[in-house]
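Open your viewer and keep the selection tool at hand. We will go stop by stop, with something to pick at each one.

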Amino acid sequence: MIVEQRIYTMHPGTIGHYVKAYGEEGLAIQKPILGRLVGWYTTEFGPLNQVIHMWAYESFEERAARRKALFADQAWLDYLAKVRPYIATQESKLLVPAAFTQVRWED
């Protein structure tokens, strides 16, 4: 099992628009393709204007296949075109859970 943590920093003043768009449109496209949503958050302290979400995968290969399917979906590409102007930077980390950690996700 691996967990991908994605951090998006929004341009100041746009995070509300991004969160609204994702809740109304993005999640419905992304979740059936990526599968295991571990969590989706916004920052309140520290670096501001950030959205952080995490997805669990059985392997790096499963992640690659699911991401490929996501970017083959025209609805996702159309959604990205709408929200891309809000995003200033993005970062992605692959996390390997410790043996004593049980990864949980939303069904």
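Is R63 buried or exposed? Select R63 and check: R63 is buried, because its relative accessible area is 15%, and buried means under 20% relative accessible area, exposed over 50%, partly exposed in between, with a 1.4 Å probe and protein chains only.

Before going further, two notes on the ground rules. This is a predicted model, in which local features need pLDDT of at least 70 and side-chain atom pairs count only at pLDDT 80 or more, while totals for chains, interfaces and linings use all residues. Residues are numbered from 1 along each chain as its sequence is written, and side-chain values use heavy atoms, with hydrogens and water left out.

**Stop 1: R63 and its partner**

Stay on R63, which is found in helix α2; helices (H or I, at least four residues) and strands (E, at least two) are DSSP runs, numbered from the N terminus. R63 forms a salt bridge with E4, and the closest N and O atoms are 3.0 Å apart. A salt bridge here is a side-chain nitrogen of Lys or Arg within 4 Å of a carboxyl oxygen of Asp or Glu. E4 sits in strand β1 and R63 in helix α2, so the pair ties together parts that are 59 residues apart in sequence. Like R63, E4 is buried. Show the contacts (heavy atoms within 4.5 Å): leaving aside neighbours within four places in sequence, R63 is in contact with E4, R6, Y57, S92 and L94.

**Stop 2: R67**

Next, pick R67, also in helix α2. R67 is buried yet has no salt bridge. Which side chain of opposite charge is nearest to R67? It is E4, 4.6 Å away; for charge, Lys and Arg count as positive and Asp and Glu as negative, while His and the chain ends are not counted. Not counting residues up to four places away in sequence, R67 touches E4, R6, Q30, L34 and Y57.

**Stop 3: F60**

Helix α2 also holds F60. F60 is partly exposed, with a relative accessible area of 46%. Beyond residues up to four places away in sequence, F60 touches I2 and L94. Draw a C-alpha to C-alpha distance from F60 to L94: the two are 34 residues apart in sequence and 8.8 Å apart in space.

**Stop 4**

How many salt bridges does the structure hold? There are eight. Select K82 and E25, which form one of them, with the closest N and O atoms 3.1 Å apart. This pair links distant parts of the chain, with K82 in helix α3 and E25 in helix α1, 57 residues apart. K82 counts as partly exposed at 49% relative accessibility, and E25 counts as partly exposed at 27%.

Then move to E91 and K93, whose salt bridge has its closest N and O atoms 3.6 Å apart. E91 is partly exposed at 39% relative accessibility, and K93 is partly exposed at 36%. For a group, select R36, E58, E62 and R66, which are linked in a network of salt bridges.

**Stop 5: the largest pocket**

Which residues are the closest to the centre of the largest pocket? Select Y8, W76, L80, I87 and Q90, the closest of the 16 residues that line it. The pocket has a volume of about 210 Å³. On a 1 Å grid over the protein atoms alone, a pocket is an open set of points where a 1.4 Å probe fits, with protein on both sides within 12 Å along at least five of seven lines, and lining residues have an atom within 4 Å of a point. Grid points are joined across faces, edges and corners, and the volume is the space filled by probe spheres set on the points.

Colour the elements that each supply at least two lining residues: β1 (2–10), α1 (15–34), α2 (60–71), α3 (74–83) and β4 (87–95). The largest share, four residues, comes from α3. By class, the lining has ten nonpolar, three polar and three charged residues; Ala, Val, Leu, Ile, Met, Phe, Trp, Tyr, Cys and Pro count as nonpolar, Asp, Glu, Lys and Arg as charged, and the others, Gly among them, as polar.

**Stop 6: N49**

Finish at N49, in the loop between β2 (36–42) and β3 (50–57). Phi of N49 is near 60°, a positive value in a residue other than glycine. N49 is partly exposed, with a relative accessible area of 25%.
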